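The sequence and the model come first, and the notes follow.

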Amino acid sequence: MPFANFKVPAGSLDEKQKELIVTRTTELYTEIYGERARATTMVLVEEVTDGGWGIGGGVLTLAMLQDSSED
């Protein structure tokens, strides 16, 4: 069973964007493994609470991500 786990900052994606991750990931696995993989592909989109991540030794917040996307 193909499985993909996406961890994203809580509140950074709306329901439509999460659905897009699920459908496109399923399509990718189906392309790789064949149609038989479609029914058993599991995609998990997990929301991590704000401040629950770190990068480069520092805590990463949603506000920081939003600021960097405006550049």
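Thr26 has its place in helix H1. The model it belongs to is a predicted one. Thr26 has a relative accessibility of 13% and therefore counts as buried, the limit being under 20%.

- Apart from neighbours within four places in sequence, Thr26 is in contact with Arg38, Thr41 and Val43.
- Thr25 is also placed in helix H1, and at 9% relative accessibility Thr25 counts as buried.
- With neighbours within four places in sequence again left aside, the contacts of Thr25 are Ala4, Phe6 and Val43.

- Strand E1 covers residues 3–9 and pairs with E2 in the parallel sense, over seven bridges.
- From E1 the chain passes through helix H1 (residues 15–33) to reach E2, a β-α-β crossover that is right-handed.
- Val8 has Glu47 in E2 as its bridge partner.
- The loop between H1 and E2 contains Gly34, which is partly exposed at 22% relative accessibility.
- Between the C-alpha atoms of Gly34 and Glu46 there are 26 Å, and the two residues are 12 residues apart along the chain.

**Salt bridges**
- The whole structure holds five salt bridges.
- One of them joins Lys18 to Glu15, with 3.3 Å between the closest N and O atoms.
- Both Lys18 and Glu15 belong to helix H1 and lie three residues apart, about one turn of the helix.
- Lys18 is buried, with a relative accessible area of 15%, whereas Glu15 is exposed, with 58%.
- Lys18 also meets Glu47 in a salt bridge, at 3.4 Å from N to O.
- This second pair connects distant parts of the chain, since Lys18 is in helix H1 and Glu47 is in strand E2, 29 residues apart.
- Glu47 is partly exposed, at 41% relative accessibility.
- Together, Glu15, Lys18 and Glu47 are linked in a network of salt bridges.
- Another salt bridge is formed by Arg38 and Glu35, whose closest N and O atoms are 2.5 Å apart.
- Arg38 is partly exposed, with a relative accessible area of 31%.

**Nonpolar surface patch**
- Met1, Phe3, Met42 and Leu44 make up a nonpolar patch on the surface, and their accessible area together is about 430 Å².
- Met42 is located in strand E2, which covers residues 42–48.
- The relative accessibility of Met42 is 44%, so Met42 counts as partly exposed.

How values were computed
Residues are numbered from 1 along each chain as its sequence is written. This is a predicted model: local features need pLDDT of at least 70, side-chain atom pairs count only at pLDDT 80 or more; totals for chains, interfaces and linings use all residues. Side-chain values use heavy atoms; hydrogens and water are left out. Patches are made of residues with over 30% relative accessible area and no salt bridge: like charges are joined within 9 Å, nonpolar side chains (Val, Leu, Ile, Met, Phe, Trp, Tyr) within 5 Å. Accessible areas come from the Shrake-Rupley method with a 1.4 Å probe; for residues, only the protein chains shown count as cover. A salt bridge is a side-chain nitrogen of Lys or Arg within 4 Å of a carboxyl oxygen of Asp or Glu. Helices (H or I, at least four residues) and strands (E, at least two) are DSSP runs, numbered from the N terminus. Buried means under 20% relative accessible area, exposed over 50%, partly exposed in between (1.4 Å probe, protein chains only). Two strands pair if DSSP finds at least two bridges between them. A crossover is right-handed if, with the strands pointing away from the viewer, the path from the first strand over the helix to the second runs clockwise. Contact means heavy atoms within 4.5 Å.
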